[in-house]
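Open the model in your viewer and show it as a cartoon. The stops below say what to select next and what is there.

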Amino acid sequence: MASYRHLARIAVMQTIFEYEFLQKCDTPDLNPSSMLAYNIRQLSKKIEDKSFPEALLKCVLEKKDEIVKIIQEYAPQWPIEKIAPVDRAILEIGVCEIAFSTDIPPVVAINEAIEIAKVYGDTNSPKFINGVLSSVMTNHTNKRKS
């Protein structure tokens, strides 16, 4: 059975995917918070506390430029626009949790990202996401120790 935070991460991933897609379509009046609320309602009634997914989405959107730079640093052979949109959304969440969250252990963030990639990505997504996020974790853990 999926945990509350696992389901919340899926809702955030769906919201990021949707938001980025609609931005490319020049859709006016995009409201990521409303999109997230809708995705939470559609996904599960088990997500009663909305503070975790709301904070995660806010972090990803506010730190988007930094997150993209980190992804590019650890996946240099993959230009950001060439990474599958679902994989990119999963990576953005994982990088946000590893680099900017103090209450999520990096290993948990990686495991969650891999599990989401197994369901929503393609055959190679879990391995790709694991490789990128493991490198991010190693580097950011070393930075915190210094």
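Start with helix α1, residues 4–24: its 21 residues reach 31 Å from the first C-alpha to the last, close to the 30 Å expected at 1.5 Å a residue. The expected span is 1.5 Å times one less than the number of residues. Helices are DSSP runs of H or I, at least four residues, numbered from the N terminus.

This is a predicted model: local features need pLDDT of at least 70, side-chain atom pairs count only at pLDDT 80 or more, and totals for chains, interfaces and linings use all residues. Residues are numbered from 1 along each chain as its sequence is written, and side-chain values use heavy atoms, with hydrogens and water left out.

Within α1, select the buried residues, among them Leu7, Ile10, Val12 and Tyr19. Buried means under 20% relative accessible area, exposed over 50%, and partly exposed in between (1.4 Å probe, protein chains only). The cover over them includes α2 (32–43), α3 (51–62), α4 (64–74), α5 (85–100) and α6 (106–120). After α1, pick Asp26, whose phi is positive, near 55°.

Next, select α3. Phe52, Pro53, Leu56, Leu57, Cys59 and Val60 are buried there. Seen down the axis of α3, they fall within an arc of 160° (taken from the directions from the helix axis to the C-beta atoms), so they line one face of the helix.

Last, show the side chains of Cys59 and Cys96. They form a disulfide (a pair of cysteine sulfur atoms within 2.5 Å), with the sulfur atoms 2.3 Å apart. Cys59 lies in α3 and Cys96 in α5, so the pair ties together parts 37 residues apart in sequence. Both Cys59 and Cys96 are buried.

Methods
Helices (H or I, at least four residues) and strands (E, at least two) are DSSP runs, numbered from the N terminus. Contact means heavy atoms within 4.5 Å.
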